[in-house]
Structures are given as structure tokens and as C-alpha cells.
Amino acid sequence: MIFTLARRELRSLFLSPLAWAILAIVQFITAYLFLSQLQEFLLIQSKLAAIENAPGVTELVIVPLYGSAAFIMMLVTPLLTMRLISEERRNKSLALLLSAPISMTEIIIGKYLGMLGFAAIMIFMMTLMPLSLYFAGSLDSGLLFTIVLGISLLLAAFISIGLYMSSLTAQPTIAAMSTFGILLMLWIIDWAGNKADAAASGLLEYISMLRHFEAFTKGIFSSSDFVYYILFISLFLILSIRRLDSDRLQR
Amino acid sequence: MAFFCASLFDPRCSLTEAQAHVLFDNAVSKMLDNQENKKLLSVKHLSRTYGSLCAVNNISFHLNKGEVLGFLGPNGAGKSSAMQVITGNLAPSAGQINICGFDLLDSAKQAKANIGYLPEQPPLYRELKVDEYLSFCAQLNRIEKSKQNAAVQRAKERCGLTEVGQRLINNLSKGYQQRVGIAQAIIHNPAIVILDEPTVGLDPIQIREIRALIRELAEDHGVILSTHILPEVQMTCDRVQIINRGQLVYSDDINHLHQRMRSNSIILGLNNAPTETELKSLKHIDDVEVLTSTRFRLSHSTENNPAENIAQIAANNNWGLFELRPEQKTLEQIFVELTSGEVIADETELTEDEQDKGAAA
């Protein structure tokens with residue numbers, strides 16, 4: 001049942017030009033970044049050869065690529081998720097789901113999974129570029145794996161916020177704007193913590209999404225980062241379910 | 001009408017058609033009482049409030065199999081709210097809803113599986129094709145994979161959508177979109193079909209088709225039809241409920257409604273009219289109202305119809321009878337009567353009476 005909903009969500013997404021436009025633009029920008037990074041690497045490659053334990057192509061090309069991609073996705077996610085629930089509410093098509101024999105949880109998770117499907121396609125398209133380097137040489141496969149995992153978790157967290165914001169309103173643009181605001185806030189929240197007292201800054205650093213992503217870019221898979229994302233996603237999914245339920249209770 | 005009334009009072013005929021009908025109806029209703037499970041939907045003391053506004057106030061009713069229940073009411077009476085609560089789109093503030101033996105709150109999934117709902121605005125995904133949309137609805141209602149195609153085909157046939165299966169819902173006319181909405185509501189063959197103003201925005205031919213479809217659906221489903229088009233109710237419904245300001249002000253069989261529409265007055269037209277007092281002295285006549293010099297409105301009691309007698313006397317006395325017809329109230333009049341101030345006046349009278357009794361006690 002959940003997958004039926006997810007499939008419908010994904011299908012509707014691809015029936016609108018927005019999804020195609022986003023895929024194309026993200027692919028174009030990341031390709032540009034990838035190629036310029038690669039060119040720079042080729043320029044300094046001979047010098048690197050002289051240094052012992054020099055960083056390889058994975059560290060110098062792929063890590064910056066995914067770092068920039070994370071930022072691009074922060075900009076793009078609000079546009080993807082804004083319509084999830086708000087538009088159904090506006091078109092009054094939510095009644096179809098609410099009067100069908102499915103639970104609120106199934107509705108929310110179905111929609112979430114549909115969006116994750118799109119995220120998976122986006123990340124897969126992007127990952128094809130680093131994978132193409134296997135034709136020319138070898139990569140640090142472990143690092144590539146953790147960084148793809150990291151960006152997937154990051155994007156999944158972005159989407160959960162977008163879903164919740166979309167459940168709050170009937171106006172997609174408001175959902176997009178507030179999603180973007182929260183994502184940006186969570187991105188930069190640790191900046192304030194740097195000079196404050198240690199306990200507070202520790203907390204702010206813990207909340208910051210970027211900090212948890214950084215570990216993955218160093219090839220470290222730490223369960224605490226993993227759990228952070230899982231908790232984060234669960235929190236916003238539960239909030240969305242509760243929000244949809246409260247629609248039924250009072251208006 | 002006069003003929004019909006006359007035949008009712010014909011002593012030669014021991015059992016008229018109408019009486020036979022009544023007897024049959026009684027037998028049927030006894031059968032229904034014996035089989036409680038025939039009750040598809042029972043709603044008890046349902047209320048729904050929005051803040052301080054009470055949209056639905058303590059409504060109780062039920063729906064039997066093979067029945068079309070008409071839900072009437074002026075705008076903002078609480079029709080749509082009531083339907084949304086019954087279909088699980090809104091939670092009730094108080095009350096119980098039982099659908100085919102399942103409580104809507106305790107076992108929501110089983111209860112909802114037995115309901116097909118078309119809201120005021122059909123819940124369509126306009127970017128999908130009709131076939132895609134309907135097969136999504138089939139999956140949503142947990143129809144088995146092997147039967148999904150057949151279910152989609154059947155729903156399309158019933159709603160006259162076979163030719164537009166490959167078209168985008170967005171490009172369909174409003175009438176066709178409405179049909180897709182109905183197809184969506186009946187795709188899983190639910191025991192109860194709830195239609196909220198299904199004929200709005202359709203052309204007259206489509207309206208007739210939809211009404212025929214509703215009658216057809218009623219053969220093996222129970223249908224609740226909300227509307228404010230009164231002739232539609234008279235044509236399609238078996239039972240009528242009028243809701244006003246959140247309260248049920250009228251609930252009865254359509255046959256009883258027809259009886260109610262028959263009023264206690266006769267319009268009489270006489271070219272050589274006698275005096276008013278002479279008319280008043282006729283048998284069973286309570287009051288005479290002079291409309292013009294040749295036309296009169298005669299009031300009589302419900303039990304005795306003086307029409308035959310009047311015709312006889314008018315012929316004997318050469319009154320020049322040119323018109324004799326029972327006056328009939330329209331559903332519209334009853335509707336206005338029930339939903340405008342008069343009902344509320346009745347209620348206040350009642351409460352005053354009660355207060356009097358209370359004071360006496």
C-alpha cells in the first residue's frame with residue numbers, strides 16, 4: 001500500500017516539468033563542478049606524485065563535488081517537497097486518501113518514500129560521474145561509499161523537513177520558503193556556537209546538519225551520525241503524521 | 001389526483017392498489033427489522049463542532065441496503081460536514097458511526113473499505129490519465145491485483161468513461177471529471193456510496209444518466225445523496241432527510257413526503273358561484289377563501305375528501321363547475337417551511353409547553 005502511494009507520487013512528479021528541470025539543472029551544475037575539479041587535479045597531479053601520502057583523486061575531486069552537491073540540494077529540496085501535501089490540500093484531493101482504507105502513517109510514509117525515490121535517482125545520476133573515473137584508474141571505494149551514504153542521509157533529512165512543512169500549509173510556495181529557511185538555519189546553526197561557552201556550542205554543533213555530514217566526507221562512518229539522521233527523519237515524519245491527523249480532529 | 005382520491009374511498013373495492021402497496025411495504029419493513037445486518041450504516045448522536053460553531057448537532061439516522069437516502073439542506077446546513085465525518089475525513093466531536101458492523105473510529109480500515117465517497121469537489125489527480133487514476137484508486141482500496149483491471153473496466157462502463165480512458169483528467173470537461181469522481185467512489189464495489197452533490201455542473205443529459213446510475217447503484221448498495229436540487233430528490237430518493245443548522249428537522253419516506261405534499265385544500269372554480277356561506281355549509285368544508293369572483297379555496301379535514309360531493313352538488317345546482325383540483329404543496333414549500341423560521345417557532349412553543357408542564361409539576 002505504501003509503495004502504491006510512493007509510486008503514484010513519483011509518477012506525478014515526473015509528469016510535471018519541475019522534476020525534469022531539477023534533474024537537468026542539478027546534473028549540469030554538478031558536472032561543471034566535477035569537470036573543473038578534475039582539471040585542477042590533473043594540473044597538480046605531477047606535483048602530488050612527489051609527496052608521500054598525498055591525497056588522491058577521491059579526496060581532491062569527489063569530496064568537494066559532494067560538498068557542493070549537498071549545498072545545491074539544500075536549495076533544490078524545498079522545490080521538490082513543497083507540493084507533497086499542500087497541493088493535495090489545495091486541490092482537495094486529500095479526501096481520496098483520507099476516505100480510503102489506509103492509515104495516516106501509510107499516507108505520510110508513502111509520500112516520503114516516493115520523494116526518496118526521486119532523491120535516489122538524483123544521487124545515482126550524480127554518482128555516475130565519479131564512477132566513470134574507474135575507467136581511468138582506481139578510487140578509494142570506501143570513501144566513495146561513505147560519502148554517497150552521507151549525502152543520501154542528508155537529503156533524506158532535508159526531505160523529511162520539506163514534507164512536514166508541506167503538511168502545515170495549503171500554499172506550496174509558503175511550504176518551500178519555510179523549508180528553505182529551516183534548512184539554511186540548520187546548516188549554519190553551529191556558526192553561532194564557535195565563540196560561546198562550550199556546552200552551548202556543543203549542542204549547536206550537534207544540531208547542525210553539516211557537522212554530521214562532514215564525518216562522512218572524511219570516510220568515517222560513525223553510528224552517532226547515522227543515528228542523528230535517523231532520529232531527525234523520524235521526528236519530522238511523526239510530526240507530519242500528527243499534523244495530518246489533527247486536520248481531521250479540528251479545523 | 002381527484003380520481004385517485006376517489007378510488008381510495010370507493011367502498012366496492014375492498015383492497016385498493018395503494019393499500020396493497022402499504023401492506024407489502026409493511027411486510028418488507030418487518031423483514032428488514034428481522035435482519036439487523038441489512039442496516040449498512042447507523043449514525044448515533046453525531047455532533048461536530050468547529051470551535052464554537054456547531055456544524056452538526058446530535059444527528060441520528062441509518063441507511064438500509066437498496067436505499068437511496070437524500071440529504072437536503074440549505075447552504076451551510078452541515079450536509080457536507082456530516083458526510084465528511086461519516087467518511088472519516090473529519091473526526092466526530094461526539095457520537096457513534098457504525099459501517100457494516102465496523103465502528104469508524106475503532107476499526108477505521110474495515111469501515112472505510114465499505115465506503116465510496118465523492119466529495120463536493122472530486123478528488124482527482126489531474127496530471128494522470130483516467131485509466132492510471134482509476135487503477136491507483138483500485139490499488140488504494142486494496143482490490144486484489146488480478147481483479148484490478150476488471151474493476152477499472154466495470155467502473156468505467158458504469159460511468160460512461162470507456163472512451164476517455166487514455167485522456168488526461170485535466171483535459172476532460174467538468175462533467176467527465178465528475179464522472180471520474182463517481183467511478184472512483186464505486187470502483188471497489190462498496191456497500192455504501194456517498195455522493196456529495198454529484199450532478200453539479202453537468203448538462204441535462206448527463207444529469208439524467210447520473211440519476212439513472214444512482215438508481216442502478218441502489219440495487220445492491222446503499223446510497224446517500226446530498227443535494228439541494230429538489231426535483232432530484234423526488235426522482236431518485238427513497239427516503240429524505242432535511243438538515244438545517246446542523247439539526248435533522250425532517251426524516252421520512254419519500255411516499256410520506258408525497259402525502260405531506262398533498263394539502264388539505266381544494267381549488268374550486270365555478271362560473272355561477274353561489275354565496276360564500278352556501279359553499280361553507282357544504283359537507284366536510286371547514287373554511288372558504290374567495291380568490292376571485294369565480295374561484296375559491298376550500299379547506300377540509302385530512303380524513304374526508306369532499307371533492308366527489310362538491311362535483312355532485314355543483315352539477316345538480318348548475319354552478320358551472322370548470323375547475324376542481326386538490327392543491328398540492330411542492331417539495332420546495334415543505335423545504336422552506338422546514339428550514340425557515342417556522343420550525344424554530346414550533347420548537348420554542350414546545351419548550352414553552354414543557355416549561356409549563358414543569359411549572360405545573
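Guide: Two residues are in contact if their C-beta atoms, placed from the backbone, lie within 7 Å. The model discussed here is predicted.

Visitor: How many residues does the contact take from chain B and from chain A?

Guide: The side of chain B that touches chain A has, by class, twelve nonpolar, seven polar and four charged residues. Taking both chains, the contact draws 23 residues from chain B and 17 residues from chain A.

Visitor: Which elements give two or more residues to the side of chain B that touches chain A?

Guide: One residue of chain B, Phe136(B), lies in helix α5 of that chain and touches Thr4(A) and Arg8(A), not counting residues up to four places away in sequence. The elements of chain B that contribute two or more residues to this side are α4 (108–113), β6 (115–118) and α5 (130–140).

Visitor: Does Phe136(B) count as buried or exposed?

Guide: A residue is buried if 20 or more other C-beta atoms lie within 10 Å of its own. Phe136(B) has 22 C-beta neighbours inside 10 Å, and therefore it counts as buried.

Visitor: How many Å separate the C-alpha atoms of Phe136(B) and Gly51(B)?

Guide: Along the chain, Phe136(B) and Gly51(B) are 85 residues apart.

Visitor: What does the secondary structure of chain B come to?

Guide: Chain B has 361 residues, of which 35% count as buried. Among its contacts between residues at least 6 apart in sequence, 67% join residues at least 24 apart. Its secondary structure comes to 14 helices and 14 strands.

Visitor: How many helices and strands does chain A have?

Guide: From the N terminus on, the elements of chain A run α-α-α-α-α-α-α-α-α-α-α. The count for chain A is accordingly eleven helices and zero strands.

Visitor: What is the radius of gyration of chain A?

Guide: The C-alpha atoms of chain A fill a box of roughly 70 × 50 × 30 Å along the principal axes. For 251 residues the globule rule gives 18 Å, and the value for chain A is close to it, so the chain is as compact as a globular protein of that length. The radius of gyration of chain A is 20 Å.

Visitor: Of the contacts in chain A with a separation of 6 or more, what percentage do residues 24 or more positions apart account for?

Guide: Of the 251 residues of chain A, 35% count as buried. For its contacts with a separation of 6 or more, the share of residues 24 or more positions apart is 80%.

Visitor: At what angle do α1(A) and α6(A) pack?

Guide: Helix α1 (residues 2–15) of chain A and α6(A) have their axes 7 Å apart, and their crossing is right-handed. The contact includes Leu5(A) and Leu10(A) of α1(A), with Gly114(A) and Phe118(A) among the residues of α6(A); by class it divides into ten nonpolar, three polar and three charged residues. The two helices are therefore oblique to each other, at an angle of about 45°.

Visitor: In which hand of crossing does α6(A) pass α7(A), left-handed or right-handed?

Guide: Helix α6 (residues 104–132) and helix α7 (residues 141–168) of chain A pack at about 145°, with axes 10 Å apart. Among the residues that meet are Met115(A) and Ile123(A) in α6(A) and Val148(A) and Leu155(A) in α7(A); the contact has 13 nonpolar, three polar and one charged residues. The crossing of α6(A) past α7(A) is right-handed.

Visitor: Is α7(A) roughly parallel or roughly antiparallel to α11(A)?

Guide: The axes of α7(A) and helix α11 (residues 223–249) of chain A come within 9 Å and cross at roughly 15°. Angles under 35 degrees count as roughly parallel. The orientation of α7(A) to α11(A) is therefore roughly parallel.

Visitor: Which residues is Leu183(A) in contact with, leaving aside its neighbours within four places in sequence?

Guide: Leu183(A) lies in helix α8 (residues 172–193) of chain A. It counts as buried because it has 21 C-beta neighbours inside 10 Å. Outside its sequence neighbours within four places, Leu183(A) is in contact with Met74(A), Thr77(A), Phe158(A) and Ile161(A).

Definitions and conventions:
Residues are numbered from 1 along each chain as its sequence is written. Chains are lettered from A and ligands numbered from 1 in the order in which they are written. This is a predicted model: local features need pLDDT of at least 70, side-chain atom pairs count only at pLDDT 80 or more; totals for chains, interfaces and linings use all residues. Axes are lines fitted to C-alpha atoms, for helices over the stretch in contact, and angles run from 0 to 180 degrees between N-to-C directions. Helices (H or I, at least four residues) and strands (E, at least two) are DSSP runs, numbered from the N terminus. A crossing is left-handed if the near helix is turned anticlockwise from the far one by less than a right angle, and right-handed if clockwise. Ala, Val, Leu, Ile, Met, Phe, Trp, Tyr, Cys and Pro count as nonpolar, Asp, Glu, Lys and Arg as charged, and the others, Gly among them, as polar. Angles under 35 degrees count as roughly parallel, over 145 as roughly antiparallel, 65 to 115 as roughly perpendicular and the rest as oblique. The radius of gyration is taken over C-alpha atoms; the globule rule is 2.2 Å times the number of residues to the power 0.38. A residue is buried if 20 or more other C-beta atoms lie within 10 Å of its own, exposed if 12 or fewer, and partly exposed in between; C-beta atoms are placed from the backbone.
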